[in-house]
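Open the model in your viewer and keep the selection panel at hand. The tour goes stop by stop.

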Amino acid sequence: SGGCVLAFSEAKPENGVLSDSSEADSKKKKVVVLGTGWAGINFLKTLKNPSYDVQVISPRNYFVFTPLLPSVTCGTLEPRSIVEPVRNIVRKKNVNIHYWEAECFKIDAENKKVYCRSNIAGNLNEKEEIDVDYDYLVIAIGAPANTFNIPGVAENCHFLKEMEDAQKIRRTVIDCFERASLPNLSDDERKRILHFVVVGGGPTGVEFSAGLHDYVKEDLVRLYPKVKEAVKITLLEATDHILNMFDKRITAFAEEKFQRDGIDVKTGAMVVKVSDKEILVKNGGGTSTMPYGMVVWATGIGTRPIITEFMKQIGQGNRRALLTDEWLRVEGCDGIYALGDCATINQRRVMEDILAIFRKADKDKSGTLTVKEFQEVIDDIRERYPQVALYLKNKHMRTLVDLLKDSKGDAVKGSVEVNLEEFKSALSQVDSQMKNLPPTAQVAAQQGTYLADCFNRMEKCERNPEGPLRFRCEGRHRFHPFRYKHLGQFAPLGGEQTAAQLPGDWVSIGHSTQWLWYSVYASNDVEVGTALKMSNQPPEKINILVCPEV
Ligand code: FAD
Ligand code: MG
Ligand code: MG
Ligand code: MG
Ligand code: MG
């Protein structure tokens, strides 16, 4: 008999085994993908090896182009222009892919099974439970907004993560204007209702504040002329600056622009409690209360309960995200991969492996490394430990040999020979360049593409491994490790101004920068056709206002 692909629980015995797979399909390796966001969808789009039987499970039967989500809150874009139905994507594939609209609530790594339930409207009381077997599991379920367990946040604030959130914000903004327009309100009450507070000065909070400001100034004040004096937008940020992950020139530009626009930016402001009409804010020594009409909470991401539970199960303890190796394999598991916002890569430190690297390089076992011995392993070191290249760049050094020479001082010219201690001290600062990858669409998309590419070449790479030399084990790894390629970081600032920070520290702020911004994502084979085609102007010349720092 064929493998039971999907079995419903006893609740619906008449369904029995639901499987349209033939005998041949049942021999295929079963891949289960959880999530249809940036990571999951890019995995599916890139997967083309027909030797898999794929099941995609996600409570959302569409992909959302999140960088444009803030535009939905102010009606600049309609929801349908920034989504893509999963079934459209799946339909076009030669690979056997089934989609189930359901949410996974438990992962059983030991028995290679995931447990899911459908939450389709109408099924709410009698929730269908589904259990699905896998050979390979791809966890790409993203991360929820982080409330930091601050009282009242979950109950009283809006988030901006999902399409429903954006639509709800849009309705609430209009509701506030309608409510403020009703007769018999005191001035204070009207001001409260039209006080929009945004918590979090990262890209999402900044873009939303800017968009809301434009929306109010360009559209709403014409529709509600009587209440326009009462409108106020406040942006609260806990650290000293907004957009603090950006170049300081961008931060300064944004802060000045917001000041001119009349957006009240309060830095060093910690929210300690949110009730239904007031926010309690700690600023410096004291606390103050701030009456509000609507709060949008955009302070970064937390952890889904299912991930917290799973990390406990596999001995990863209490972390924000699932730990994987550089091949995106979940540490401590077999056949499980995790990518995107729910995962973090455990990058290897050079210092952890220093002895093994030295021994491997010291071919003649002399106890010292010559330049020649060293040169033979340089490529593998650079590939296995990308922080090395970063370090050399920051120190304005060209090669690892330069680094060794530098550590030996001026005495050595031409040839250099180092012992273990000297080797250690030369490389001792290299790991300081390691940084976790940011939780962004760019990272998630590239990881999805990378992993599918590994799956596509699985058999071939069994025979001809291609990864770098691994210093802890003998031989080569099957695949190259995942390497992120940063294409730039963007922050729309309202008034059609977008700040861009491009690789190589180029900073650009201007009207046409947004074209650059779209193209970074559009080039990634993501079809958000409607949104991008909406504006029919050709991308203009890019207006570089600020040159790179030298
Ligand atoms: P997601 O895209 O969040 O997808 C997760 C998927 O898993 C969803 O389909 C969800 O329905 C599903 N899921 C959830 N729970 C379960 C479950 N239990 N079982 C099965 N499926 C589940 N990044 C950039 O690089 N540039 C930007 O300009 C940018 N702008 C952004 C603007 C906004 C408003 C937001 C919210 C994010 C923005 N990001 C941006 C970040 C980017 O969207 C995320 O980093 C990216 O979505 C992460 O991809 P992911 O696949 O890990 O998760
Ligand atoms: Mg995903
Ligand atoms: Mg997404
Ligand atoms: Mg991640
Ligand atoms: Mg030697």
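Two strands pair if DSSP finds at least two bridges between them. Keep that in mind for this predicted model.

Select residues 103-108, strand β7, and residues 113-117, strand β8. The two pair in the antiparallel sense, over five bridges. Pick out Glu 103: Arg 117 in β8 stands opposite. Now go to the turn. Four residues lie between β7 and β8, which form a hairpin. Lys 112 in this turn has a positive phi of about 50°.

**Stop two: strand β3.** Select residues 52-58. Is β3 enclosed or open to the outside? Seven of its seven residues are buried, so β3 is largely enclosed by the rest of the structure. Check both faces. Tyr 52, Val 54, Val 56 and Ser 58 are buried on one side. Asp 53, Gln 55 and Ile 57 are buried on the other.

**Stop three: the partners of β3.** Lys 29 has Tyr 52 of β3 as its bridge partner. Next, show helix α2, residues 38-46. With β2 and β3, α2 makes a right-handed β-α-β unit.

**Stop four: the magnesium ion.** Select ligand 4. Which protein atoms are its donors? They are the O atoms of Gly 340 and Ala 343, 2.3 to 2.4 Å from the ion. Buried means under 20% relative accessible area. Gly 340 counts as buried because its relative accessibility is 11%. Ala 343, at 14%, counts as buried too.

Note on methods
Residues numbered from 1 in each chain as written. Chains lettered and ligands numbered in written order. Predicted model: local features only at pLDDT ≥ 70, side-chain atom pairs only at ≥ 80, totals over all residues. Heavy atoms only, no water. Donors = N, O, S within 2.8 Å, 3.2 Å for Na, K, Ca; no water. Buried < 20%, exposed > 50% of the residue type's maximum accessible area, 1.4 Å probe, protein only. Right-handed = clockwise from strand over helix to strand, strands pointing away.
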